[in-house]
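Hello,

Please find the structure we spoke about below. My notes on what was found in it follow.

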Amino acid sequence: MPDKRRIAILGGGIGALTAAFEITNLKDWQDSFDITVYQMGWRLGGKGASGRNRRVANRIEEHGLHVWMGFYENAFHVIRQLYDDCAARKLTPDSPFQNWQQAFIRQDFGTNMEKTPAGWVPWTIHFPPNDQLPGEAALFDRKEPPPTAWDALTIVIEWIVREFAAVEDRFAGSGPSLLPEWLRSALHSLAVEAEGTALHMLARLVKSLDPDPARHSEETRNTLIGLLEHIAGTIVRDLEEFAERDATLRRALYLVDSGIAMARGMIVDEVFTRGFDAIDRYDLMEWLKNNGCRHPDNPFVRAGYDALFAYRNGDPRQPEISAATAVLGMLRMMCTYRGSMFWRMAAGMGDTIFAPAYLALKARGVKFEFFHRVANVALNADKSLVDTVTFDVQAEQKDPGRGYDPLIFVKGLPCWPDEPDYDQLKDGDRIKGHNIESDYTAWRGQLPPRTIRRGVDFDDVLLGIPPAASRWICTELAGARPEWAAMFENVATVQTQAVQLWLHETSADLGYPPPSSDQKPAVTAFVEPFDTWADMTHLLPAESWEPADNVQSIAYLCNALEDSPAIPPPFTDPAFPASQLSRVRSMALDFLSGKGDVQALWPKCGLPFRWDLLVDRGAGAGEARLDSQFLRANIDGTERYTLSLKGTSKFRLDPGKSGFTNLFLAGDWTYNVLNAGCVEAAVISGRLASRAICGKPDYIYGAFHSKEEIPPPSPALPTRPPVSKPVAPPQSNAGEQVRAHWTHRVMRGMPPKVQVGAHCRAIAAKYAMFFQQHPEIYPWAGIAAFAVHRIGMALTLYEFEIFEGTVTKIAEDYDHPHGAEVLFNDLNHLRLANNEFFEDVGWTLEAYVAPDGGIEAIKRGLEGYAGHENLLEAFLKIDEGRKLLSSPATRAQGEAAIWAGSLLIEYHGQVYSAQKFYDSVDHRFDLFMTVFTAMNFEAASFGIERWKFTAFDLYMWTLGIPKLIRTLSLPDLRSLDQRWYWIVNRVFPIWKRVVERDPALKRNIAAIVRAAEFPRAATA
């Protein structure tokens, strides 16, 4: 194997290029890595690609409207460095954009449209600019912690109160006298003055509380929920009386209604402690409605659906977006934007983003192979890693030694053309007229396929191609790993459409209200089929129009494009692109001809529409002038927009955990914190992929997420076969609600998971308390208490990583270039497995012994929950045994049934949680665990009485020799067969003796309880 690690990057979207950028940020990176980007066609950019039409004034032609948000910290951090790199290397000396700020234009307002019986009403929202800038290096150098979800909620509530204060004198608002007595008393007990409206009281209450919601008492939670519900039932109701005839009050109504429902939902669903994934199973409007929102389909909410093309199959009648993605994105947008809410690019996205990225990466030494369409990704014999990648070579260069030069220059600015430079290509004239970026092109070329091989051409592969395209080239991966098949099945995408118009009159000339500044308007939540419009006249200086063309403004329109009833597979229907573009043209004609409410935007555009408004150098007549504009149907797999449908985040793959040893992933379609189709999500994903490959960057900004929720470093690890078990089908809502209810009961009072040691000690204490209170039916809980107690000792290293950094020294023994990250990753897997098993089983322990629970509660919660049959059988045996305990004649039989049930609980845990942990850790950690795993039924760390102690490795080398001989292997804790042999034959028998005759047992259990950092009363 060569000294350099060869990385083949498939696809040139922003996620893949970010990964290349981060790897090449390493000092002397070329001593360790060799990177080649393989790109279909002639340009980089993926869904963000743009081109210059050299036949028509070098005009910019995009896939759609692209705007960056002020909360894109990671994206701006990367692009700022790219511009600095280009400037330092003097790569673009004649460009008008010598730094990032010249390439972006601030935007401080946006407009949502409301449809009323009287017509369309624009709601323009101004977001005050601030003196910060996105992507500041200092933020990342300091590893500045992001705000919490609770911080964000307080900001949103304060904003709602301010908005409400501006209108409250226009109607009879609800005062403190209307508060229920219990709510007044509760506020008094929390030292909150009951003065002003309930909204003002809410703001004071939220501001006065502990910023860590995990420490809020049940009384505090109930008071918050009660106050929110009171507001929903009084202020919202009062606003409704006036809102129908007063647009200003209606806007306040929608803000208060949506904001209060969001706050209630975040508290009830424990988003602050469980993370946003707790509400991923809901659609946003569904979730708001569940939490008391009376008007969930309002312009503010609808704008979020439109911005993310959030319509299943592109059907405007099927709006759907995960509440987790939507709420997280809204909080990030509202509470963490820097400088301005929006940042428009001063030229095409290809010009401002992908040209400097290409130039900087090429100058650093990254190689680019254009005209390489991936045809197949194949695995090795044991399906553990990528072995070959095959390409369709679309074109051959006349001068291969020189390399393809993809860029052109417009007014000094490096740009991507809208078609390749045919003069550089053999058969260039024959390629003309074929869109070689399309899945449906009739051009396949005359060149033989090219196959690159592991160990010869590459060592690792980074896949930057989204699911809609990669599903056709990764069929072998989907066959080998069920999670890949599940991703392709569940991570949905949608077609989009775009129309760009060049006009002879300005927006103001056409009657759109002029803005209060020189910033151009942008509108969403508008009519279908073009619900989003932006005045893009600021792009005119970047194009090459002549004075005689008299171009006064540019309009961009975009929207989701409803899927055709049948989407043909690639290369099966060359006529499909033309048929879809024809649909876009037909809808654009309807929109402009007066059937689509265009007069709400441009009252003076004429009815019927004045077609001579459109700039047409060919002097077409009537609606034929539309053909001189730019229309696009984004139908190809690489262009389809990745949706965030409810319940699908769990099917997204982690950038560093593809399931194949040498394969990494990058793109907004991965699990990337935001889980949304946007530049920031793709950049985060690329950074996560880089960190998995080379350990850097070590800090990725991800607001409102704990360390647990930001995927940790994931160095490439050997893939081990998963334990075979049924895949859980979609769960019934009824069973899920039952589990959620009891999970809430058992989790209340627990420290947040980011407090790793405290949370682990709390889990041990919960198990210990179940044993204390119900020793006869829950002997298993005692074993679990001591086992988690020992896990807590291992996780102290995690606390060192957080607070002291000493784990780096410990990790030196790993003999790995990124030992600290590998060790941290392994500890994180241990922590997650421990947490997962408690949440999976803890609720059943809580439910069974509760007065309002019992075996029927367990049955309801587990009904249809595949993979949990052992758990239900365990409680059926425990329930049977409990009944038999009541009679001396059957007591021994009852005890046997309970112990049999206990074994089943343990087996469920070993298969469902523990094995996933062992399958994921580094082999060094696996060896460490094998040698040092022991069960000691003493709470003191170093107090060992031999009769209460057993070590796995020692047992297997002595009493386990017959088992080792039969399996022809050394002791290995990752082997479920060996581990279970030790548990059944040694751990459980020792625990039975401890339960029967250990006088110190009560003291040891009590010590585990005392070590926890939450009130004992919090547990049943």
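**Salt bridges**

Arg5 and Asp460 form a salt bridge, with their closest N and O atoms 2.4 Å apart. Arg5 belongs to strand E1 (residues 5-10) and Asp460 to strand E18 (residues 460-463), so this pair ties together parts that are 455 residues apart in sequence. Arg5 is partly exposed, at a relative accessible area of 21%, whereas Asp460 counts as buried at 7% relative accessibility. Please keep in mind throughout that this is a predicted model.

A second salt bridge joins Lys143 and Asp698, where the closest N and O atoms are 3.2 Å apart. Here both partners sit in loops: Lys143 in the one between helix H4 (137-141) and helix H5 (149-165), Asp698 in the one between helix H21 (679-694) and helix H22 (733-747). The pair therefore ties together parts that are 555 residues apart in sequence. Lys143 is partly exposed, with a relative accessible area of 41%, and Asp698 counts as partly exposed at 39% relative accessibility.

Glu229 is in helix H8 (residues 218-233) and Arg264 in helix H10 (residues 247-268), and the pair links distant parts of the chain, 35 residues apart. Glu229 has a relative accessible area of 39% and is partly exposed. Arg264 is buried, with a relative accessible area of 19%; the cut-off for buried is under 20%.

Salt bridges also link Glu938, Glu945, Lys948 and Asp998 in a network. The count for the model comes to 53 salt bridges.

**Helix H15**

H15 bends by about 25° at Ala355, and a proline, Pro356, follows within four residues. After H15 comes Gly365, whose phi is positive, near 120°.

**Strands**

Three strands form an open sheet in the order E11-E12-E17, and their pairing is antiparallel. Strand E11 (372-379) and strand E17 (450-453) are the edge strands, each pairing on one side only. From one strand to the next, the twist averages 25°. E11 is joined to strand E12 (residues 386-393) by seven bridges, and the two run antiparallel. Asn376 stands opposite Thr390 in E12.

Strand E7 (residues 109-116) is mostly covered, with seven of its eight residues buried. Which strands does E7 pair with? Eight bridges join E7 to strand E8 (residues 119-126), and these two run antiparallel. E7 and E8 form a hairpin with two residues between them, and the bridge partner of Thr111 in E8 is Thr124. E7 also pairs with strand E20 (residues 522-524), in the parallel sense and over two bridges. In that pairing, Asn112 stands opposite Thr524 in E20.

**Two single residues**

Ser690 lies in helix H21. At 0% relative accessibility, Ser690 counts as buried. Leaving aside neighbours within four places in sequence, Ser690 is in contact with Ala19, Glu22, Ile23, Gly695, Lys696 and Pro697.

Leu872 is in helix H29 (residues 869-884). Is Leu872 buried or partly exposed? At 25% relative accessibility, Leu872 counts as partly exposed. Not counting residues up to four places away in sequence, Leu872 touches Ile858, Lys859 and Leu862. Leu872 and Val527 are 345 residues apart in sequence and 51 Å apart in space, C-alpha to C-alpha.

Regards

Note on methods
Residues are numbered from 1 along each chain as its sequence is written. This is a predicted model: local features need pLDDT of at least 70, side-chain atom pairs count only at pLDDT 80 or more; totals for chains, interfaces and linings use all residues. Side-chain values use heavy atoms; hydrogens and water are left out. The bend at a residue is the angle between axes fitted to the seven residues ending there and the seven starting there. Two strands pair if DSSP finds at least two bridges between them. Axes are lines fitted to C-alpha atoms, for helices over the stretch in contact, and angles run from 0 to 180 degrees between N-to-C directions. A salt bridge is a side-chain nitrogen of Lys or Arg within 4 Å of a carboxyl oxygen of Asp or Glu. Buried means under 20% relative accessible area, exposed over 50%, partly exposed in between (1.4 Å probe, protein chains only). Contact means heavy atoms within 4.5 Å.
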